[in-house]
Amino acid sequence: MTDIAALERRISRTEAYIEISNIMGRIEFLHSAYANEPIVPYFSTRPDTVIELPFGRYTGSDAAQRCFVGALDEGLPPRDLSGEYVEHLLSTPVIEVADDLETAKAAWITPGAEAHHLGWVEGNPLHGFWYWGRYHLVFRKEEGAWKIWKYRNSLTFVADYYKSFTDGSLPRPPAPVGNGGPDSAPRFQVEYTPSWDPKKLVHAPEPYATFVDEDEF
């Protein structure tokens, strides 16, 4: 490889890192503002697209539409959004762009805080709590743009703002149903319990040459 070719490759990898970081940052800003529909175009429409959230998995070319609009916008019980709050940080980023520049694997730990009207609890109280998790993703280069191809948001813990996360989690909302319901149960969730084995946590991606489907998603 010539010096010019090597430099071009380094520039392409750096540009990919920046674009992928910006995509995830924009998604977090949109989600905080309950603007879920603009998130959809950041995802691939390939038939093997996979999205996993703590309550289930969505697969297929319309997975992002059914998940972020059908489930998160339309599939939850109606509630008053006044005073609600969702903010998740993107910490400890690890983004590995494949040597062939066709895909990239990425991971973040995401500490967060939320406040919701708990419509599934008597009295519909507005409640603040901690919500920590992890992201593991695979991006694909499609027509010159990076798209999310495989997406997993795994829950680490949900805890009352006033209690230790070792004391147990808050009552969970019902899973979305109907058109927004997931296709299947989640597969790769490792939620904290006082007896969990931290060695089961998924590692950050390592450098790789080309994507090989190892059933990670």
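I take helices (H or I, at least four residues) and strands (E, at least two) as DSSP runs, numbered from the N terminus. Y161 then falls in the segment after β8.

This is a predicted model, in which local features need pLDDT of at least 70 and side-chain atom pairs count only at pLDDT 80 or more, while totals for chains, interfaces and linings use all residues. Residues are numbered from 1 along each chain as its sequence is written, and side-chain values use heavy atoms, with hydrogens and water left out.

Entry on helix α2. I looked up burial (buried is under 20% relative accessible area, exposed over 50%, partly exposed in between; 1.4 Å probe, protein chains only). Helix α2 (residues 63-71) is largely enclosed by the rest of the structure, because 8 of its 9 residues are buried. Those buried residues pack against β1 (50-53), β2 (56-59) and β8.

Entry on salt bridges. I searched the whole structure for a side-chain nitrogen of Lys or Arg within 4 Å of a carboxyl oxygen of Asp or Glu, and 6 salt bridges came out. In one of them D183 meets R66 at 2.8 Å, N to O; the pair joins distant parts of the chain, with D183 in the segment after β8 and R66 in helix α2, 117 residues apart. R66 counts as buried at 17% relative accessibility, whereas D183 is partly exposed at 42%. D62, R66 and D183 are linked in a network of salt bridges.

Entry on E52. I found E52 paired with R57 in a salt bridge, the closest N and O atoms being 2.9 Å apart; E52 is buried at 1%, and R57 is buried at 6%.

Notes: Contact means heavy atoms within 4.5 Å.
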